[in-house]
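Dear colleague,

Please find the structure below, handed over for your review. My notes on it come after.

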Amino acid sequence: MRYLFRTNYKQDIRAWRHSGDVFWYGLLIATIMIIPFVLGEFYVGEMGGVFIFAIAGVGLMLLVGYTGLISLGHAAFLGIGAYVNSVLLSHGIPFVITLPVAGIFTAICGAAIGRPTLRMSGLYLAIATLSFGSIVGTVFQKWTAVTGGFDGFAVPTPYVFGVSVEGATGVYYTSFAVLLFVLWMSINLLRSPIGRAMVAIRDSEVSAQSMGIHLAKYKTLVFAVSAGITGLAGALFAHYVRFLAPDAFDVLLSVQFVTIVFVGGLGSLRGAILGAIFVRLLPQAIAIVRDDLPFGIGRLPGLEPSLFGLILVLVILFQPGGINGLWLKTKLWFQAFPFKRQTSGRRQKSYARSERLR
Amino acid sequence: MEDAARLLQLVVNGAAAGCIYGLIALGFVLIYKATEMVNFAQGDIMMLGGFVAYSAIAHWGVNYWVGGLIAIAATAAFGYALDAIVLRRVIGQPQFAVVMLTLGLGFIFRAAAGITWGYDSVGFDTPFTNKTVKLGGLILGDDNLSIIAGTVLLCGVLYLFFAKTRLGVAMQASSQNQLAAYYMGIPVRNVFSMIWAISAGVAAVAGILLSPVSMIDVNMGFLGIKAFAAAVIGGFGSIPGSVIGGVFVGIVEQLAGYYLPAGFQEVTSNIVLLGMLFIRPQGLFAERMGKRV
C-alpha cells in the first residue's frame with residue numbers, strides 16, 4: 001500500500017495521483033492498442049461500440065455527475081452529431097474537418113437549448129430535455145430532404161490523411177483516440193477553476209452563487225461541453241452503424257446514457273467508462289444466455305429494456321455509488337484488511353431537501 | 001357553418017383527449033405537491049389500471065362499473081405499496097435519482113404488463129362504445145362525452161375530499177409543511193403513501209375512461225410524456241391548473257393535426273411545453289409562493 005504525503009499544494013490538483021497511476025493506465029492503453037491484432041473482428045467491433053458509448057458517457061458524466069444537472073435528451077445530441085458528420089461527409093468534406101465541426105455544432109445546439117432551460121431546477125430540466133429529445137427525433141423523421149427519413153442515410157467512408165477508416169478496426173482506433181482526447185480534456189477541465197465551480201454548483205447552488213460563481217454561465221458552458229462531447233460520439237456512432245435510421249435516437253437511448261452514468265457511479269470519469277462497458281455488454285450477455293434460460297424467459301420481447309429498468313432501480317436503491325463505488329469499497333476492504341468496520345461503507349443519513357422555497 | 005361545426009367537433013375531441021392528459025397530470029401534481037417527487041411512471045400506472053379493468057370486464061365477465069371499481073381499487077393499492085416499499089427509501093437522494101428510479105420502474109411495469117397480458121392491443125365493451133349523441137347538428141361520441149363528464153365528476157370528488165374530509169386536510173397539511181404536520185400528530189409517511197394511492201387511482205380512472213377511444217396496450221404509458229405539458233402549463237402545483245392545461249394541450253393538438261402539415265401533431269405538446277417553460281416557467285396557475293423553477 002502506498003502512502004501519499006502531501007508536500008506541495010499543487011499535488012492536490014495534479015492529473016495523476018502518483019506514478020503508479022501513470023504506469024497502470026499506460027499499460028491499459030498499450031493493451032488496448034494491440035487488442036485488434038489478437039481478437040477477432042466481432043470483439044473489436046463491440047469494443048468500438050463501448051468506446052463510443054464511453055465518450056457519450058463521459059460527456060453526460062460532466063453534466064450529471066459533476067454539475068448535478070440531468071438531461072434526458074442526450075440521444076438527440078448524439079443524433080445531431082451523427083447527421084451533421086454524415087451530411088458534411090457526403091458533400092465531400094474530409095473527416096478531419098467534419099468530426100470537430102459535428103462536435104462544435106452540437107455544442108452550439110446544446111448551448112442554445114441549455115441557456116433557457118437551465119434556469120430551471122432538476123425536475124423541470126429533465127422534462128424540458130425529454131421533450132427537446134422527442135422534438136429532435138421527429139425532425140429527423142420528417143426532414144427527409146436532409147436525413148432521408150425512414151429510408152435511412154448511408155454514411156460515406158471517411159478518410160484520415162488519405163487512409164480510409166473502415167471496418168471494425170478503423171472505428172476502434174478512431175473512437176479510442178477520441179475517447180483519450182475527451183478524457184484528457186475532461187480531466188483538465190475538472191481540475192481547473194471551471195471544474196471546481198461545477199462541483200460547487202452540484203453541491204449547493206446557493207453557496208456556489210454566494211462564492212461568486214455565475215450560475216447561468218457555468219451551467220450553459222457545461223451543458224454545451226457535454227452536448228459537444230456527445231456530438232463527437234454521435235459522429236463516430238454514424239460510422240459504427242454505417243446506416244442512420246431516425247428512430248435510433250429515441251428516448252430509450254437517452255435513458256441508456258443516463259443508465260451508463262448511474263450504473264457506472266456518479267461523479268467519476270472511471271465510472272462513465274465502466275458504465276459504458278456494462279450497458280454495451282449487457283445485451284450481448286443476454287444474447288449469449290438467451291437460449292439457456294428456463295421457462296422461455298429469454299424469448300420475452302421486452303426483456304432488455306426491463307432489465308435496464310430493473311438494474312437502474314436496484315443501483316439507485318442499494319448501490320448509489322454504482323460500479324465505481326463498489327470498486328472503491330472493495331479496494332478499501334483490501335487496504336484496511338483486516339480492519340474493515342461495519343460502518344465503513346455506510347452512507348450518511350440524508351434528509352429531504354426542499355426545492356420549494358428558494 | 002360547416003367550418004364552425006368542424007371546429008367545434010375538433011374542440012370537443014381535443015377536450016376529451018385533453019381530459020386524459022389532465023388526469024395523468026393531476027397524478028403528477030398530487031405527488032409533486034406532497035413529496036416533491038415526480039412520478040415518470042404515471043403513464044405506465046395508467047396502463048396497468050386499464051389492463052386490470054380489461055381482465056375484470058372481458059375475462060371475469062363482471063359489469064363495467066364493478067370492473068372499473070375493482071381496477072381503481074387494485075391500482076390504488078398498488079400505488080400505496082409502491083411508495084411504502086420502494087420510493088420511501090430514496091427520500092433525501094437528489095431529485096434526479098427519483099426521476100431515474102421512476103423511469104426504471106416504468107420499464108419494469110411495461111415488461112410485466114407485456115408478460116401478463118401480451119403485447120397486442122386489447123379493448124373491452126363499455127356502455128359508451130360506438131354511440132353518439134346529436135346536439136343541434138353536432139354529432140358527438142358518447143365516449144368523448146363520458147371522458148369529459150368523468151373528469152369533471154372526479155375533480156369534484158377530489159375537491160370535496162381535500163376540502164372537507166379529515167384525511168384530505170391532513171394531506172394538505174403534510175404537503176404544505178411536513179414538520180408541522182408531524183407535530184400535529186399526522187402520520188406523514190402513511191399520508192404520503194395514501195397520496196400515491198390516490199394518484200394511482202386517478203391514473204386508473206384515466207385508463208378506464210380512455211379505453212373506448214383507444215385500445216389498451218403496453219406502450220400506452222407514453223401518453224405520460226404529453227401530460228407533462230399539461231402539468232407544466234398548470235404550474236406543477238395546481239390541481240385545477242393541470243386539468244385546464246391538459247384540455248388546452250388536447251385542443252391545440254387536435255387543431256394542429258387538422259390545420260398543420262403531418263408530423264406537427266406529435267410534437268405539439270412538446271412545443272407547447274418548451275414554449276411555456278421559456279416564456280413563463282412558473283406556469284399559468286402557480287401559487288404565489290416564493291417558488292421559482
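This is a predicted model: local features need pLDDT of at least 70, side-chain atom pairs count only at pLDDT 80 or more; totals for chains, interfaces and linings use all residues.

Residues are numbered from 1 along each chain as its sequence is written, while chains are lettered from A and ligands numbered from 1 in the order in which they are written.

Chain A contains 14 helices and four strands (DSSP runs, H or I of at least four residues and E of at least two, numbered from the N terminus). Of its 358 residues, 43% are buried, that is, have 20 or more other C-beta atoms, placed from the backbone, within 10 Å of their own.

Helix H11(A) has 14 residues and spans 20 Å from its first C-alpha to its last, close to the expected 20 Å (1.5 Å times one less than the number of residues). Twelve of the 14 residues of H11(A) are buried, including Phe257(A) and Ile260(A). Gly265(A), with a positive phi near 125°, follows H11(A).

H11(A) (residues 251-264) packs against H13(A) (residues 303-318) at about 35°, with the axes 10 Å apart (lines fitted to C-alpha atoms over the stretch in contact; angles run from 0 to 180 degrees between N-to-C directions). Among the residues making the contact are Leu252(A) and Phe262(A) of H11(A) and Phe308(A) and Leu312(A) of H13(A) (C-beta atoms, placed from the backbone, within 7 Å).

Kind regards

Note on methods
Two residues are in contact if their C-beta atoms, placed from the backbone, lie within 7 Å.
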